[in-house]
Amino acid sequence: MTASTSRLIGIATSAALLGAGLLGGYLWARRAPDPVPAAQSAPAASERDVLYWYDPMVPEQRFDKPGQSPFMDMPLVPRYADEAGGGVRIDAAQQQSVGIRTEEVRVGHLDAGLRVPGTLGWDLRLESVVSARTEGQVTRVLAKAPFTPVHRGQALATLIAPGWNSAVAEARALAEADSPAARELQSAARQRLRNLGVPAGAGTAGATLAAPHDGVISEVLVREGQTVLPGTPLFRINGLDTLWLEASIPQASVGSLRPGTPVEARVDALPEQRFTGEVETLLPQVDATTRTRRARIVLHNPEGQLVPGMFAEVLLQPASGTAWPLVPVEALTATGRESRVIVQTAEGRFEPVAVRTGRSGQGRVQILEGLRGGERIVVSGQFLIDSEASLSGALQRLGADGAPASSEPPATDADAGAADAHAGHATHAVHEAPAQPQPARRANPPQASAPTKTTPAARACPVQYWYDPMVPEKHFDQPGKSPFMDMQLVPKFAAGAALGCTVRDVMPATEDQP
């Protein structure tokens, strides 16, 4: 055998072996798949219990069978028993990536200090008016300028009164007489002078009117040569030992104030000094424009440095009162009808809890109902959890559990839950926590044909109104097509409706309904 013949035989053998290998690989790829793994995986998908089917855009409406949503152009989604009722669980790594922070609820008092503006005025309890007690003529005015400081007994004006002159002359004549009858009339003459209001030391030349106490002449109402009648006011004198400070108190803070509440005030003219006082009374009137109530505060002014008309910054120190759980303002989710917080359970789940709020201050809010203190609540990133809880039905269960929330869910929950659902699925940050399975039906694999219609058991499902989930603030009396979107109106069940009511209970099944 020649060398060329041997070479041809080797090439033919190699080609035959290569062809056999390619044929074997092709036949191996075309072989039937192993049925064992399929048999093992099928039960994992088909044996999960389905509680109900729902439209993610309208999560509060539940259906018994799979099919097409009557509200949106999308298939219904199953809610499995091992997914419901356990709140929302978030991995620790994902909590950090989406910025979720928690904080423990502490029980305590809000900072009781209340700062409000106020204006100084005269203490009217220290005001007196010097007036004429009889008809006469003012011959001399000794204090002619307003706001002149005066002391007790200081002469203010001289008054000539004919009615006084005769009484003074009679009293002097009786005082000089030595007869027993005259001495008996002396006491009657002195009483007559007191009744006429004749000042001590008055003579026939006139009487001097004096200041009744220390203070400032706030008004001078008389001039020299003026004739006056009985009761005519001549001078108005105000004391400066104390002043009235009228402060505007917000209506929400009035309940913590009482007469005697200590007060500290500061004025811009004397920033280094603090003036003390106490609340005397709360005036029985609320300003209709500012919704504030005025408090009358008695402010001590021993050195006379404060004067009426000054603007003051007032710090009130009301009693602390009852201790309540306190949460940060940013931890609250307010919908207009209710407020709620997201609580982290001992198992690491996040659940919405309805609360009733009280006073707020220094960035914190009192919780009157819903929390006891010691719980851990979410203070950052709670809106993502709140939207996921809405999709999982936790918010609907919240109202059914008798929490201190409104019997009606917020009008914006359906819209907010629909918008946030896509964000939650996009980030893959949130997945619902497993809980104990509840009694449910066996899942039916989706079929290509239309779902069969079933009649639910009779139950009370009164409808309060109908609405479009995309425009929840608009209410309708009858079912039908939404005038805003290409979808059917959704029923809002009344407070007395049975749990689990669906649109099937109040609307006959049609061909386009699942």
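Q: Why is the contact between Arg-340 and Glu-338 called a salt bridge?
A: The closest N and O atoms of Arg-340 and Glu-338 are 2.7 Å apart, and the term requires a side-chain nitrogen of Lys or Arg within 4 Å of a carboxyl oxygen of Asp or Glu, so the pair qualifies. The model is a predicted one, in which local features need pLDDT of at least 70 and side-chain atom pairs count only at pLDDT 80 or more, while totals for chains, interfaces and linings use all residues. Side-chain values use heavy atoms, with hydrogens and water left out, and residues are numbered from 1 along each chain as its sequence is written.

Q: Are Arg-340 and Glu-338 buried or exposed?
A: Both are buried, a word that stands for under 20% relative accessible area, with exposed meaning over 50% and partly exposed in between (1.4 Å probe, protein chains only).

Q: What makes Arg-356 and Glu-369 a salt bridge, and which parts of the chain does the pair link?
A: Their closest N and O atoms lie 3.3 Å apart, so the contact meets the distance criterion. Arg-356 belongs to strand 24 (residues 349–361) and Glu-369 to strand 25 (residues 364–369), so that the pair, 13 residues apart, links distant parts of the chain; strands here are DSSP runs of E of at least two residues, numbered from the N terminus.

Q: Why are Arg-356 and Glu-369 called partly exposed?
A: Arg-356 has a relative accessible area of 39% and Glu-369 has 36%, so each value falls in the range between buried and exposed.

Q: How do you know that Arg-274 and Glu-264 form a salt bridge?
A: Their side chains meet at 3.9 Å, N to O, which is within the cut-off. Because Arg-274 lies in strand 18 (residues 270–286) and Glu-264 in strand 17 (residues 262–267), the pair ties together parts that are 10 residues apart in sequence. Arg-274, at 45% relative accessibility, counts as partly exposed, as does Glu-264 at 33%.

Q: Why are strands 30 and 31 said to stand at the edges of their sheet?
A: The open sheet of 3 strands has the order 30-29-31, with antiparallel pairing, and strand 30 (471–476) and strand 31 (490–493) each have a single partner strand, so one side of each is left without a neighbour in the sheet.

Note on methods. Two strands pair if DSSP finds at least two bridges between them. Helices (H or I, at least four residues) and strands (E, at least two) are DSSP runs, numbered from the N terminus.
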